[in-house]
Each structure stands twice: as structure tokens, then as C-alpha cells.
Amino acid sequence: FICFSTTLRKDQIKSSITYKYMTMKNLLLALSVVSFSCWNVQSFVPSRASIGGASTFMMPLDHHGPAAMPKFATPAGMSRSKAAHSKFHMTSTTAAVDDSNSEEKNVVSSGGGGEGTMSALMFNLVKSIVGAGVLSLPAGIAAFGNAPSAMIPAAALIAVIGGLSGYGFSLIGRVCALTKSNSYREAWEKSINKETSNIPSISCTFMTVSATLAYSMILADTFRAIFATMGLQLTRTNSLLSVTSLVLLPLCLLKNLASLAPFSLLGIIGMIYTALAMGIRYFGGAYAVPAGVLLPDVAASFQPAFGSIGAAGVLSPSAFILICMLSTAYMAHFNAPKFYNELKNNTIPRFNTLVGSSFAISVLTFIVIAAFGFLTFGANASGLILNNYSNKDSLMGFSRVAVAISLVFSYPLAFAGFRDGVLDLASVPEQKRTNGLLNKVTVACLSVITGLALAVKDLSFVMSFGGATLGNALIYVFPALMFRGAVKNMGDKAGVGLKREVKLAMLNAILGVGMGIIGSRMALLSLAS
């Protein structure tokens, strides 16, 4: 990121267009360094630390190819419908496992490798990570900086947190290999104990609450803008109530969600289109102050605003808001066991390649979208960046429609996780979950989520607070605890490298706890202000 040092002296660049292109040119140069590091991180993994298996057969994926969706593992206490939606210190840390760790050679899960190809699972993992939450990241940057140079440490934070998240994802897969586990719950039970296996279950349940709440908030703002484009002036409340009662409720009442699976591809397509549209608007200067063509159609509170707090702003505690938002954005960890077990020839180097490559792509996507949003609107970047764009902007209008369609058909999957989690925590057995009971619980839970979405209007708060609490636990703390327990249970069979890495994993957990405490406080303070 040293290459940024010569780009953000705006006073030395007379042409704003030239300034933008120079800034983005060096940003992309820095991204290429991050991408190269992520992609080639496997070269640091010892060649003899491969993890292959006693058995190479497992239930295959239903489909093969880029759009194939793995049958996600069911976390502790969660039904499969919940896990279906639950959406990297990089794998170079795996180098801490030296060649003396014979216990970690040629080990796979009890079922052996699956039939999932590297490309298919990579697509699905990126799809699980990159969601609508990325649209709140520009506001996370605006929380600590208001000058373009704030994008420098922001890009670094996105890459570093992505690396730490990927490392936690990798740890879960390795725990499954060492304990011969096929699910998150089984890995927890075998590495720690069975009595506390409800802890990750509760965390996953409340994480789905955060996800569905964020979805409702995004849909409220997005449909209000879409209606305005159509000439219908509805309030945020009316928009949310209309969409919830007419669209979301019927979808959430469905008992079979398999028909919604094909629409999951729209999420990736929508994000790609949104990134391109944001880039076009940034480079085209349509929202530039003071002569942007579309600027008059934007409310004053959403118009671009830049100041003098740049890269140095990252040293303020407010930077933890972005850090915790990233913990939510990278969340896919309860599905790590299934990705490991579904991978064909699931050696640890191959699994780490899958994780490293997928998180690298996600890191790049996050940086690009965050950069376009923040560099366009600066300190006034909204918690949902699409709110900053004019309702008369047809290019961004299509983006809103794409995001809205994606969320509408993804919503029932996330909501099913919330509803089934509530039933699990209430100890309602499967045989007693009649259609009548499911309908009543669906209406009650959806009412609670809708009420919260009407009361809380700051998406960045939901993302940061959820990431600071449950996100940090699932990404940093739980994987480290399971890895320590798995190595401890191996006794004398654990090599020096594994024992050394336990200290590193626990340091990662402590870091997660620290970030969670500070991030939670900063998120609450931002809501109060």
C-alpha cells in the first residue's frame, strides 16, 4: 500500500478527473498486490503437510458446475433450512504446521472427500460471503475519515480482516479433519464437549436475526427509492409494510424453499452490476461537487462531503466500526465443515486453496465497492450506499431492482434459519412442528423483525454491532477454541507445529474479543449520536 502515498495530494492535481483516475489506478495496483498474496499463499504451506484421507467417497453434490450449491452442514441445534442460507490471517498461517506433524497428514473427515469441484465450491463460497452487507462498507470508512486518503487504511483493514476471517474458516475445516467430523456441532462436541454444543447454536440463531433485520432495512430503503422512481411517493414505513405483507410473508410461509434456489445466482449478478454502475458514476463525475449532473436530485445530507481527516483517522476508536462491519460481511463460517467435506480430494492444501482463493476474490470485491462508494460521497456515505444515489438515476435504479429481487428471494432462506432456531431453542421436536405452528411462529417472528426494522434505520449499526458480538465469536473465538481442544485431545500425538499454532489461534481469539468489546461500544455510541 506504499503506492498510495503519491496519489492523494489533491492540492497538487488540478484536474478532478485526472485525480480520480490516478487514485483508482494506484488503488487497483495495491489490490493486485493483495490478490497475488492471497492467491499464492499456498506456497507457504509445507509440502508434506497435506491432509488426504482414509476414504475418498462421500455423498456427492446434487449438481456440478459453477452454480452448484453445496448441501450446507447443520450447525448445533439448527435445522438444515437454517444452514442453507447462513451466509483469512490467510492460509499462510497454516505454515506453522511443520513436517513433523504426521498426525495431520493424509487425514480427512470420516466420510472422505466429496464430489465438489474446486471451481464450483469456490463460486458458492464467494456467493455466501459477498452479499448486500458490502453496501454498508462505505459508511464504515466514513465513520473514521472524510478525506480520500482514508481509503488507504480502509483497504488494508478489509484485506487484513479478510485474512483473519479466512484463517478461522480454515481452522474449522482442519478441526473437522483432525476429529473426523462432518458438521459444526460434531466438531464442537469432539473437540470441546457435548454439554456446551448449544453455544454455537445460539450464536448462529441470533446471527440470522441480524441478517434478516438487515435484509428488511435494505428492502425498506430500496423499495421506497424504486417506488419514487415510478412516481409513487411512499414513506419508508409504508414501503416496508407493503413489501412485508404482500411479498415476504407469503414467501416465508412456504414449507418447501427448494424452488427459490435458482434465484440465489441473482445475488452475485446484482453485486457485479452494482460495482460496475458505481464505478461508472464515480469516474463520470455525475455526483461531483459542485457541477455533477445528478447532484441537484440528491438530498443535502446525502451529497458528497469531504474534509481533512484522511489515513490518520484509522487511529481513532471509530475505525472499529468498520472492523466489526467486516466481521459480519465475511460471515460464512458455520458452513466451513460442509465445504471441507464436499471438496473432492479434500486435502488441507486443497481446502486452503479453496479458502484462500475465495476470500481473496471477496476481499477484492469489498475493496472495489467500498472505494467507489466512499470516494464518491465521502463523509455522507449512507449506511446503505444506494440511498446516496438519485432516484432519477436510471443506471443505479436497475441496481436497486437487482438488489431488491436478490434479497426478496434470499429473505425466506435466512428467515427460515431464524424461525427454526427459535423452535430449536424452545426444544420443540421436529414431529410437533405442524404447519399450523410454523405459520404462527412465522407471523410472530416476521412481525418482530419488521418492528425492529421500522425502529432502527441505521444499517451500519446493525452490521457493526452484529459483527462485534456474534460475528467475532463465530469467526475468531469458536474456531480457535475448537482447534485448541482438538490438539489437546490428541495428546502426545500432536506435533510441535500444531502446539505452536494453538498459541497463534488463541491470539487470534483474544484479538477477536478485544475488537468485539471496542466495536460494540463504538457501535452503540454511533447510534446514540
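Student: Where does Lys-180 lie?

Tutor: Lys-180 is placed in the loop between helix H5 (151-179) and helix H6 (184-191). The model is a predicted one, in which local features need pLDDT of at least 70 and side-chain atom pairs count only at pLDDT 80 or more, while totals for chains, interfaces and linings use all residues. Residues are numbered from 1 along each chain as its sequence is written, and side-chain values use heavy atoms, with hydrogens and water left out.

Student: What makes a stretch of the chain a helix here, and how many helices does the chain have?

Tutor: Helices are DSSP runs of H or I with at least four residues, strands are runs of E with at least two, and both are numbered from the N terminus. On that basis the chain comes to 16 helices and zero strands.

Student: Why is Lys-180 called partly exposed?

Tutor: Buried means under 20% relative accessible area and exposed means over 50%, with partly exposed in between (1.4 Å probe, protein chains only). Lys-180 has a relative accessible area of 41%, and is therefore partly exposed. By the same definition, buried residues make up 58% of the 529 residues in the chain.

Student: What makes the approach of His-333 to Ser-165 a polar contact?

Tutor: A polar contact is a pair of N or O atoms within 3.5 Å; within protein, one must be able to donate a hydrogen and the other to accept it, and residues adjacent in sequence count only if both atoms are side-chain atoms. A polar atom of the His-333 side chain lies 2.7 Å from the backbone oxygen of Ser-165. A second example is Asn-341, whose side chain reaches the backbone oxygen of Asn-182 at 3.3 Å. Asn-341 is found in helix H11 and, with a relative accessible area of 0%, is buried.

Student: Why is H10 described as mostly covered?

Tutor: In H10, 10 of its 11 residues are buried, among them Ile-321, Leu-322, Cys-324 and Met-325.

Student: What makes H7 roughly perpendicular to H8?

Tutor: Two packed helices are described by the angle between their axes and the distance between the axes. Axes are lines fitted to C-alpha atoms, for helices over the stretch in contact, and angles run from 0 to 180 degrees between N-to-C directions. Helix H7 (residues 198-229) and H8 pack at about 105°, with their axes 8 Å apart. Angles under 35 degrees count as roughly parallel, over 145 as roughly antiparallel, 65 to 115 as roughly perpendicular and the rest as oblique, so H7 is roughly perpendicular to H8. The residues that meet include Phe-223 and Phe-227 in H7 and Leu-240 and Val-243 in H8.

Student: Why is H8 called oblique to H13?

Tutor: The axes of helix H8 (residues 236-252) and helix H13 (residues 394-425) come within 9 Å and cross at roughly 50°, which means that H8 is oblique to H13. The contact is made by Val-247, Leu-248, Leu-251 and Cys-252 of H8 and Val-408, Tyr-411, Pro-412, Phe-415 and Arg-419 of H13.

Methods. Contact = heavy atoms within 4.5 Å.
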